[in-house]
Amino acid sequence: MDSLSLSGVCRHHFPVKNGGFFLGNKAGFTRRRVAIAGVASPLRRPEIVPSLEEETFGRRDRNHHTAWTSVRQERWEGELVVQGEIPLWLKGTYLRNGPGLWHIEDYNFRHLFDGYATLVKLHFENGQLIAGHRQIESEAYKAARKNKRICFREFSEVPKYKNFMAYVGDIAKLFSGASLTDNANTGVVKLGDGRVVCLTETQKGSLVIDPDSLETLGRFEYSDGLGGLIHSAHPIVTDTEFLTLLPDLVNPGYLVVRMEPGTNERKLIGRVNCRTGPAPGWVHSFPVTEHYVVVPEMPLRYCAQNLLRAEPTPLYKFEWHPESKAFLHVMCKASGKIVASVEVPLFITFHFINAYEEEDEDGRVTAIIADCCEHNADTTILDRLRLQNLRSFNGEDDILPDARVGRFTIPLDGSPYGKLESALEPNEHGKGMDMCSINPANLGKKYRYAYACGAKRPCHFPNTLTKLDLVKKVAKNWHDEGAVPSEPFFVARPGATEEDDGVVISLISERNGSGYALLLDGSTFEEIARAKLPYGLPYGLHGCWVPKE
């Protein structure tokens with residue numbers, strides 16, 4: 001950015017010490033000592049980049065845990081010293097998106113989801129690791145930097161109005177979507193045609209980025225006439241299609257749409273009307289099977305009144321309507337017809353894990369199984385993600401709400417009710433559960449393994465990595481005392497025949513201001529490599545894998 005000075009540039013690497021790392025351990029958690037087995041050498045000189053003013057980026061919250069501290073500068077790149085050994089077959093770039101800047105000037109943001117997006121990359125090739133990060137240059141971010149204040153409506157933040165007429169003008173812009181943020185701080189996906197897009201829940205917050213330089217290339221403009229202001233933050237993306245849901249806030253329901261590689265045009269598959277309630281339920285994510293799309297209708301519903309408010313309500317843009325009940329709808333991908341619509345127990349989930357079709361002995365589909373990270377229908381998880389709560393943890397109070405792997409069974413025989421049960425005993429993963437990934441080859445198919453963030457209590461936030469065996473109904477957990485890991489992302493070994501043959505990648509934020517990239521063996525869940533970052537990065541959300549061509 002032209003307005004940034006060149007003072008305080010990042011010129012040095014911070015190599016790890018020689019010797020092993022020793023991770024704390026209690027019953028059920030992996031203890032792993034790693035010796036230096038391979039060092040990436042020679043080190044590539046870091047990119048010289050503009051530093052952001054300390055007053056704006058980091059000084060005000062420098063005493064907080066690294067996970068909840070604003071990123072120290074707008075971008076950095078360099079090669080890391082590797083402790084352990086990176087498999088030579090691992091060739092490509094892991095991208096992770098998430099909030100990274102939680103204040104502008106003297107104003108501190110209130111919620112984890114408000115932060116301006118920071119994109120991180122880990123490029124693996126020939127056993128070496130090049131890391132980097134860069135702020136995503138959304139219009140919301142650029143306007144805030146230029147004007148030294150929030151200029152668009154974020155998750156819990158709204159611009160501060162000079163007078164009532166300014167507020168009225170902002171409301172008018174809200175209905176057109178002009179005042180909504182394009183801060184694409186939630187996910188990042190690689191489309192089938194190779195384009196890489198960062199996403200959030202506003203449709204305008206779909207931004208194309210360069211996976212090598214992390215440069216923001218521009219807005220992903222949808223060329224269809226489907227309209228709408230919001231969509232699922234997590235589309236289903238494969239090499240052949242892009243599926244997403246568009247909530248209809250006026251006539252409560254959901255449009256199920258598909259986009260083919262190489263186009264910007266979404267085409268309607270079908271529509272689901274809400275069974276009850278004043279508005280559609282929040283659809284942060286949804287699952288698919290080989291032949292069906294599962295549309296969740298959660299009792300945590302969008303609320304137009306809350307959206308219009310100048311200050312956040314306890315549930316932000318949503319309202320809890322248990323009286324409206326909860327439903328799952330199953331739509332045929334090919335025809336757009338709804339083949340099942342069942343009532344299920346009340347639930348709260350941000351993230352579905354996977355779904356698949358159950359067949360009888362004659363090969364007929366009798367039910368859909370859909371797994372998710374389920375928060376026991378407890379809406380307090382949203383409030384727990386306020387930055388004040390995350391930053392004030394004293395290490396003793398156990399305040400993370402319980403969660404589980406919720407397994408829905410949706411019968412396809414016309415029955416009006418489905419089931420919701422725990423797929424395994426929640427104590428296996430510390431009654432904490434979120435941020436899952438699976439082997440992408442098993443998307444929509446029967447599967448055995450998932451990787452997630454769990455809990456070693458007492459805690460206030462998921463603080464372990466866990467491998468879930470949904471057949472044996474057990475979990476294996478990795479934990480580093482005081483550290484906060486981000487989503488474990490599974491990358492399969494080329495040519496692998498076993499579901500868990502690959503590596504799991506995570507970025508770890510430590511409480512002492514540092515952090516590191518971590519690789520675990522997907523099968524044994526033992527640590528195989530780590531690489532110290534020059535400084536700790538804030539907690540991130542979701543990632544994708546861009547293989548080297």
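**Strand pairing, cores and aromatic contacts**

Strands β20 and β23 pair in the antiparallel sense over 6 bridges; pairing requires at least two DSSP bridges between two strands. The model is predicted: local features need pLDDT of at least 70, side-chain atom pairs count only at pLDDT 80 or more, and totals for chains, interfaces and linings use all residues. Residues are numbered from 1 along each chain as its sequence is written, and side-chain values use heavy atoms, with hydrogens and water left out.

Within the pairing, Val293 has Met331 of β23 as its bridge partner. Tyr292, Val294 and Pro296 point one way. Val293, Val295 and Glu297 point the other way.

The chain comes to 5 helices and 38 strands, taken as DSSP runs (H or I, at least four residues; E, at least two) numbered from the N terminus. Of its 549 residues, 59% count as buried. Contacts are heavy atoms within 4.5 Å. Among those between residues at least 6 apart in sequence, 64% join residues at least 24 apart.

The largest nonpolar core has 84 residues. Such a core is a set of buried Ala, Val, Leu, Ile, Met, Phe, Trp, Tyr and Cys residues joined through side-chain atoms within 4.5 Å. Its residues with the most contacts inside it are Tyr116, Leu382, Phe408 and Tyr539. Strand β23 (residues 326-332) gives the largest share, 5 residues. A second, separate core of 25 residues includes Trp76, Val120, Ala517 and Leu519. Beyond four places in sequence, Phe408 touches residues including Leu328, Val344, Phe347 and Lys419.

The structure holds 20 aromatic pairs. Rings of Phe, Tyr and Trp (its six-membered ring) pair if their centres lie within 6.5 Å; planes under 30 degrees apart count as stacked, over 60 as edge-to-face and the rest as tilted. Tyr451 and Phe490 are stacked, at 5.3 Å centre to centre and 5° between the planes. Tyr451 lies in β30 (residues 449-454) and Phe490 in β34 (residues 489-492), 39 residues apart. Tyr451 has a relative accessible area of 1%, and Phe490 one of 2%. Tyr451 also stacks with Phe525, at 6.0 Å and 25°. Phe525 sits in the loop between β36 (515-521) and β37 (527-532), 74 residues from Tyr451. Both Tyr451 and Phe525 are buried.

Terms used:
Buried < 20%, exposed > 50% of the residue type's maximum accessible area, 1.4 Å probe, protein only.
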